[in-house]
Amino acid sequence: MTNQIYTAIAFAPVQGFIEKSRKLRDLYGSSYLLSYLSWVICNDAESKRCEVISPASPNVTQGMPNQIIIKGDYKEKDAEAAFNTAWKCVTHACQEWIEKEINDGWEYKSGLTH
């Protein structure tokens, strides 16, 4: 008999992050951001031949729970790398939007590379 390995990943503090929303669009945006980050981790786990048990049907537009259960030995370093890569993409996209849409002469230099 072989022992099956399960991996659990949780985001915290989700409640505190979302409750900072002052407007409906802020609530939508914060919820969507957390869902996107969860979705990225689920996809990365599946790409490493692990099975996502919960949520049963990962869908970033419908919302994702703050807890992910994976059947298989999904390493913490893999989850962290997937999360950090997704976070860098989000921050880079935000930076590009600000630089394009807000043209008031200010310039911000970051350490991000393209």
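1. A pocket, as the word is used here, is an open set of grid points with protein on both sides within 12 Å along at least five of seven lines, and its lining residues are those with an atom within 4 Å of a point. The model discussed in this note is predicted.

2. The protein chain contains three helices and three strands. Taken in sequence order, these elements give the pattern β-α-α-β-β-α.

3. Of the 114 residues in the protein chain, 27% count as buried. The chain exposes about 8,600 Å², and carbon and sulfur atoms supply 53% of that area.

4. With regard to contacts between residues at least 6 apart in sequence, 58% join residues that are at least 24 apart.

5. The largest pocket holds about 210 Å³ of space. Its lining consists of Thr 7, Ile 9, Ala 10, Phe 11, Ile 41, Tyr 74, Lys 75, Glu 76, Ala 79, Glu 80 and Phe 83. Two elements, β1 (6–10) and α3 (76–101), each give two or more residues to this lining.

6. Which element supplies the largest share of the lining of the largest pocket? That element is α3, with four residues.

7. As to residue class, the lining of the largest pocket comprises seven nonpolar residues, one polar residue and three charged residues. Phe 11 and Phe 83 are among the residues that line the pocket, and both count as nonpolar by residue type. Lys 75, Glu 76 and Glu 80 also belong to the lining; Lys and Glu count as charged.

Key:
Residues numbered from 1 in each chain as written. Predicted model: local features only at pLDDT ≥ 70, side-chain atom pairs only at ≥ 80, totals over all residues. Heavy atoms only, no water. 1 Å grid on protein atoms, 1.4 Å probe; cavity = no way out; pocket = protein on both sides within 12 Å on 5 of 7 lines; lining within 4 Å. Points joined across faces, edges and corners; volume = space filled by probe spheres on them. Buried < 20%, exposed > 50% of the residue type's maximum accessible area, 1.4 Å probe, protein only. Contact = heavy atoms within 4.5 Å. Areas by Shrake-Rupley, 256 points an atom, 1.4 Å probe, with all protein chains shown as cover.
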